[in-house]
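Biologist: I am new to this structure and would like to learn how its features are read. Could we go through them together, with the general idea before each case?

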Amino acid sequence: MSVLMVEVDRSTMAPADVAAKFTAYRELFRTRVRDNDLVLADRGPADRMVHWWRRTWPGHTRGGYPPVALVVTGAGPVALEGRQQAVADLSADCWRGRWCREVRDYNGDGWRGYDDAVPVVATTLELLAEHGPLGPVWWRFGRSGRHSLTEALENPNNRAAYDLRQAAREDEQQRVHQELMDSLVCIDCGDVPEQESTWEYGPGGQVEWTRRPGGRCRPCHQDRKERLEREAEEQLEAARAANAGLRPCWTCRGSIGGKEDSKLELREKARPDRLECPECVQARAAKDLGPLMLPVPTKHELVAALVSTPDDPWWEDRVLHARLYPARVSRV
């Protein structure tokens with residue numbers, strides 16, 4: 001730091017007049033003049049323009065304008081504290097800096113750019129007398145607490161502070177992403193996906209598979225799907241074979257399991273007490289016909305049954321119905 005401007009305020013001016021001085025400082029620091037350095041002789045006029053204060057005080061390595069130190073005195077501690085705050089509020093446009101954002105980060109956060117801001121540090125004459133200019137006596141406008149001069153001149157909420165916050169956010173995102181990746185490990189083969197989620201589209205553009213936590217990878221999902229379809233087909237064929245060996249449907253005389261490939265076809269062996277196929281059961285319910293009642297065996301059939309078993313697949317059910325419902329009328 002090659003230059004430090006100092007303003008001593010004896011509490012004889014209005015805070016607004018003191019704050020106006022920082023506006024004048026900024027206009028002074030903005031002033032550009034022609035640099036007559038011979039090294040720049042071959043450059044254009046615009047490239048040879050430099051800030052006046054940099055030519056006057058070379059060697060300034062800090063970014064932004066030279067700092068201004070405000071030293072107040074002439075009142076009690078409480079009044080001086082309030083005066084410093086009032087000057088800071090009235091001159092905020094000069095020292096606060098320009099708000100900047102990285103739109104691509106999508107976080108709503110940002111930082112202050114101080115290229116066109118005047119760094120202002122304030123203290124009291126009493127603190128300077130007690131601790132000296134290198135002690136923790138300086139309050140940087142825009143920060144809290146008092147610091148040494150070097151610490152006070154550090155720009156608050158600058159790009160470096162933003163980068164630290166952004167790095168912490170990215171670390172958290174990476175942690176969450178890794179946890180998600182760990183949860184997407186295939187439960188069958190242990191495959192780790194390269195993407196957070198994967199969609200596979202079937203006929204008609206419908207999503208037929210999505211990788212989810214506790215799920216399977218695409219090959220294992222397809223293998224399982226084919227295995228389940230194969231097992232369901234085998235179960236259906238076994239049910240068809242078993243039902244074909246049972247008595248037929250009482251109403252349509254077709255398979256008790258129903259028509260093959262129909263929506264209502266039984267996919268398992270029919271129960272022994274089933275009398276109709278699913279289609280006939282549905283039709284009976286639609287017509288509100290009530291439960292199926294088999295014909296009562298005639299006397300001739302009962303006598304014949306004593307000699308030999310009747311050639312009637314529903315004979316035992318007809319006898320059972322007659323025993324369970326003895327008072328009913330003999331009808332289907």
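The dialogue below turns to aromatic rings, charges over rings, a helix and a surface patch.

Modeller: Please keep in mind that this is a predicted model, in which local features need pLDDT of at least 70 and side-chain atom pairs count only at pLDDT 80 or more, while totals for chains, interfaces and linings use all residues. Residues are numbered from 1 along each chain as its sequence is written, and side-chain values use heavy atoms, with hydrogens and water left out.

Biologist: How many aromatic pairs are there?

Modeller: Rings of Phe, Tyr and Trp (its six-membered ring) pair if their centres lie within 6.5 Å, and planes under 30 degrees apart count as stacked, over 60 as edge-to-face and the rest as tilted. By that rule there are nine aromatic pairs. One of them joins W95 and F141, whose ring centres are 5.8 Å apart with planes at 65°, so this pair is edge-to-face. It links distant parts of the chain, since W95 is in helix α4 (residues 92-95) and F141 is in the loop between β8 (139-140) and α6 (149-152), 46 residues apart; helices (H or I, at least four residues) and strands (E, at least two) are DSSP runs, numbered from the N terminus.

Biologist: Are W95 and F141 buried or exposed?

Modeller: Buried means under 20% relative accessible area, exposed over 50%, and partly exposed in between (1.4 Å probe, protein chains only). Both W95 and F141 are buried, and ring pairs also link F22, W95, W139 and F141 into a cluster.

Biologist: Which residue lies over the face of W111?

Modeller: A charge sits over a ring if NZ of Lys or CZ of Arg is within 6 Å of the ring centre and within 35 degrees of the ring normal. R159 lies over the face of W111, at 4.2 Å from the ring centre, and W111 itself is buried, with a relative accessible area of 10%. In another case, the charged end of R253 sits over the ring of W250, 5.1 Å from its centre.

Biologist: Which residues are buried in helix α9?

Modeller: An α-helix has 3.6 residues a turn, so residues three or four places apart point the same way. In helix α9 (residues 278-286), the buried residues include P278, C280 and R284. These three cover an arc of only 165° around the axis (taken from the directions from the helix axis to the C-beta atoms), which puts them on the same side of α9. Just after α9, D288 takes a positive phi of about 55°.

Biologist: Where is M1, and is M1 buried or partly exposed?

Modeller: M1 is in the segment before β1 (5-9), and at 43% relative accessibility M1 counts as partly exposed.
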